[in-house]
Amino acid sequence: MGTDTGGSIRVPAALNGVVGLKPTYGLVPRTGVTSLSWSLDHVGPLTRTVQDVALVLSATAGHDPRDPASVSGPMLDRFPGGDLRGLKVGVPRNHYFDRVTPEVEESVRGAIERLAELGRSSSTSRSRWRDTSRPFSGG
């Protein structure tokens, strides 16, 4: 388990070839965690495989009355048995592949195709963030 306020799950996972997940805020309670920033802290798993992430998330996600930010309500089944019907995945149609190696683009597009084979629907969207952003030069 790790905490992620500014990348402390995702970055070590990426640099060490393991799987790290920064879950939705409040999905995993922060009870027992020393807070860096109570409104930004996320608790999440670091594991060897995606299946292990799902297993750890299933065991740790849920409401804890000692954490006012923890979510309440029914938890999703994290082991859908390979049936992804009803899952909708958003795929950006601009900027997303602008600065990646051909190998990364091929891998991501292959994953999108595999998800479609398993029954997920997709939606494309156009990001306006980069179209409207301006460079900042301080001092």
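**Ground rules.** I number residues from 1 along each chain as its sequence is written, and side-chain values rest on heavy atoms, with hydrogens and water left out. Since I am working on a predicted model, I note that local features need pLDDT of at least 70 and that side-chain atom pairs count only at pLDDT 80 or more, while totals for chains, interfaces and linings use all residues.

**Overall layout.** I looked up the secondary structure, taking helices (H or I, at least four residues) and strands (E, at least two) as DSSP runs numbered from the N terminus, and I found 4 helices and 6 strands, in the order β-α-β-β-β-α-β-α-β-α from the N terminus on. Of the 139 residues, 22% count as buried, where buried means under 20% relative accessible area, exposed over 50% and partly exposed in between, with a 1.4 Å probe and protein chains only.

**Core.** The largest nonpolar core consists of Leu27, Val28, Val43, Leu57 and Ala61; such a core is a set of buried Ala, Val, Leu, Ile, Met, Phe, Trp, Tyr and Cys residues joined through side-chain atoms within 4.5 Å.

**Serine 70.** Serine 70 is in the loop between α2 (50–60) and β5 (88–92) and counts as buried, because its relative accessibility is 7%. Its side chain joins that of histidine 63 in a polar contact of 3.1 Å, and a polar atom of the serine 70 side chain lies 3.0 Å from the backbone oxygen of aspartate 67.

**Helix α3.** Helix α3 (residues 102–117) has 16 residues and spans 22 Å from first C-alpha to last, close to the 22 Å expected at 1.5 Å a residue, where the expected span is 1.5 Å times one less than the number of residues. Glycine 119, with a positive phi near 105 degrees, follows α3.

Definitions and conventions:
Polar contact = N/O pair within 3.5 Å; in protein donor to acceptor, adjacent residues only side chain to side chain.
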